Amino acid sequence: MSMTTQPGTDPEAPTPPGASEPAAPGIRRAEKWFFAGVIITGSILVGPLGLPVLAYGAYQLWKIQKLGQEAVRPWHVSVIGAFAIIDAAANFVGWSFCTFAGRSGVGWSILRDGYGYGFDGLYYGAYGTNFLIHGVSGPGEQSYIFMAMFVVWPMRLCAAWAFLKMKRWGFRWMITTTWMLVLFWVGWTTNGLMQFQERFATDGGPQFGYLGWWMFNSVFILGPVVMVPYLYTVNKELWTEE
Amino acid sequence: MPNSAPPPVRTPADDDHRWSDLDPLVKFGVALAGVLFCLVVLEGVLLVPYALITHGWTPGR
């Protein structure tokens, strides 16, 4: 695939965003608001509380740029990076609750009675049933959750953070973890459908049925569909810091 | 007199990243990421009232 040249490769062009140079006044503060907003938004159950914080940070960054200072990063990098973080964080938080706090108030009353009851019968009928590790007792399910919780999502969160900081290794890790996500979602959905009776039929029957399960989870499964065309088309020279 | 035109105005880096400047595949990724971002937030927060309402909680009670 040919790499499309985006603005920024011209040697006479302004310094690419992220290149090492003294930070403009206010950038550090604006970045703190932006990243705090992303983190709160990624907490899944109270996500909207992070939106005003995120918006304020983005607005401050935009204002600094309009005053003629160097941009911290192109706006499209902010959109992709913020999405990558909340996508990873939502799954990381959700599945961590399933495993370590399956019988806590949030786990039992919201994730089981919300996600399980509405969309996934296995997370309703078999929730919190594994000895010590809780989770869901369907064959293979907890092994996928462990893969996600201990490997894929932590790597993804680090990658997305460095990606937003315009570090080249963050960009490379975004590509690596994107393909890991493809592997993970193909495996998880296929493995999940092996327990069709428990998830969708009379045993567990979620309120929104088979289609509901796909619709709810497609928001996460489609993540790599965003990332593959973006990462292989955008000008990677924008990520300069090592 | 040659070269009498004023020097080009240097623009902030983000001005080179207007929507119309982006490659169609980058546009596709960014647009879909924006939609999915909203849906992740919406799905997450809606689980709370959904779980409460389907298990007996009524607003205002």
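The model is predicted, so local features need pLDDT of at least 70 and side-chain atom pairs count only at pLDDT 80 or more, while totals for chains, interfaces and linings use all residues. Residues are numbered from 1 along each chain as its sequence is written, and chains are lettered from A, with ligands numbered from 1, in the order in which they are written.

Select chain B, whose secondary structure comes to one helix and zero strands; helices (H or I, at least four residues) and strands (E, at least two) are DSSP runs, numbered from the N terminus. Of its 61 residues, 26% count as buried, that is, with 20 or more other C-beta atoms within 10 Å of their own, against 12 or fewer for exposed and partly exposed in between, the C-beta atoms being placed from the backbone.

Within helix α1 (residues 24-54) of chain B, pick B:Leu46, which is partly exposed because 13 other C-beta atoms lie within 10 Å.

Next, show the contact, which takes 44 residues from chain A and 31 residues from chain B, two residues being in contact if their C-beta atoms, placed from the backbone, lie within 7 Å. On the side of chain A that touches chain B, α3(A) gives the most, with nine residues.

Finally, select strands β1 (residues 127-130) and β2 (residues 134-136) of chain A, which pair in the antiparallel sense over two bridges; pairing requires that DSSP finds at least two bridges between two strands. A:Tyr127 has A:Val136 in β2(A) as its bridge partner, and in the turn of this hairpin A:Leu132 has a positive phi of about 65°.
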